[in-house]
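Please look through the sequence and the model below before reading on. The paragraphs that follow take up a few places in turn.

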Amino acid sequence: MPTTIMSGCATGIGAAARKALEAAGHKVIGIDIRDAEIIADLSTQEGRKQAIDAALTACRGVLDGLVLCAGLGTHVRPAGKIASVNYFGAVELLDGLFPALKKGQSPAAVVISSVASAHLPWDKNPLASAFENGDDAMAQAIVNGAGEQGGNLAYAGSKNGLTVAIRKRAVPWGKDGVRLNSVAPGATETPLLQASAQDPRFAKSIAEFLPPMGRRADPAEMASVIAFLMSPGASYVHGAQICVDGGIDAQMRPTQF
């Protein structure tokens, strides 16, 4: 039975992914701010360290899988917290648990990014320098200083930075036999989306954010792709970002891929 650590397991895509992985035979150890085996606040450096230490203890230093689903939406205030969780809360867990993954059986990791990761190119991302320097305080200052646009900047910027971080790790992780991929969901019916949709600042743009398929996704549709990427059937998929977005990325960027 493979042992898999999962962040953001309590609700939304994470809860659906946990169900799918457990059905596939994984022993899942969850990390979340509530309703999980490991309770930790990934918005703080102390919380992230606590999560890593507890995860290493729970898996006894040997890990077969890692699925990082924890994330915050555009509505959260202060907006700097979005970047702290979405970027640093994922990247620090990736790096902190990598040594344990290297000891696992056919190890693999999947990180939830977003279709928004392509909306703000890395060379135009105001948060790029903060991410490259591992400077959480700098990222928070930039976002919190952006006024009403802070939430959108934090979300798109952090997801863009996260996807870049994953791709930059593809070579060293692959050489050590650990597969690493990301999933980029489009609009998915989760508590995160619902909370943003109820915020008057973002309600209109979210209502209009519909793909060619004309509907939002169910979390189970994301979970099935995560389960595949964690399975032996995806044994040669590495360093990829899979868009599961009903065609919205193709609609918005038909000449870019």
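Leaving aside its neighbours within four places in sequence, which residues is S7 in contact with? In this predicted model, S7 is in contact with I31, L42, V67, L68, C69, A70 and L93, once the neighbours within four places in sequence are left aside. S7 is found in strand β1, which covers residues 3-7, and with a relative accessibility of 2% S7 counts as buried, because buried means under 20%. One of the residues in that list, A70, has its backbone nitrogen 3.3 Å from a polar atom of the S7 side chain.

Not counting residues up to four places away in sequence, L21 touches T4, M6, H26, V28, V67, A227 and M230. Between L21 and P2, which are 19 residues apart along the chain, the C-alpha atoms are separated by 9.8 Å.

The crossing of α3 and α6 is right-handed. Among the residues that make the contact are I82, Y87, L94 and F98 of α3, together with A154, L162, I166 and W173 of α6. Taken by class, the contact of α3 with α6 has 15 nonpolar residues, alongside four polar and three charged ones.

Technical notes:
Residues numbered from 1 in each chain as written. Predicted model: local features only at pLDDT ≥ 70, side-chain atom pairs only at ≥ 80, totals over all residues. Heavy atoms only, no water. Left-handed = near helix turned anticlockwise from the far one by under 90°. Helix = DSSP H or I, 4+ residues; strand = E, 2+ residues; numbered from the N terminus. Contact = heavy atoms within 4.5 Å. Nonpolar A, V, L, I, M, F, W, Y, C, P; charged D, E, K, R; others polar. Buried < 20%, exposed > 50% of the residue type's maximum accessible area, 1.4 Å probe, protein only. Polar contact = N/O pair within 3.5 Å; in protein donor to acceptor, adjacent residues only side chain to side chain.
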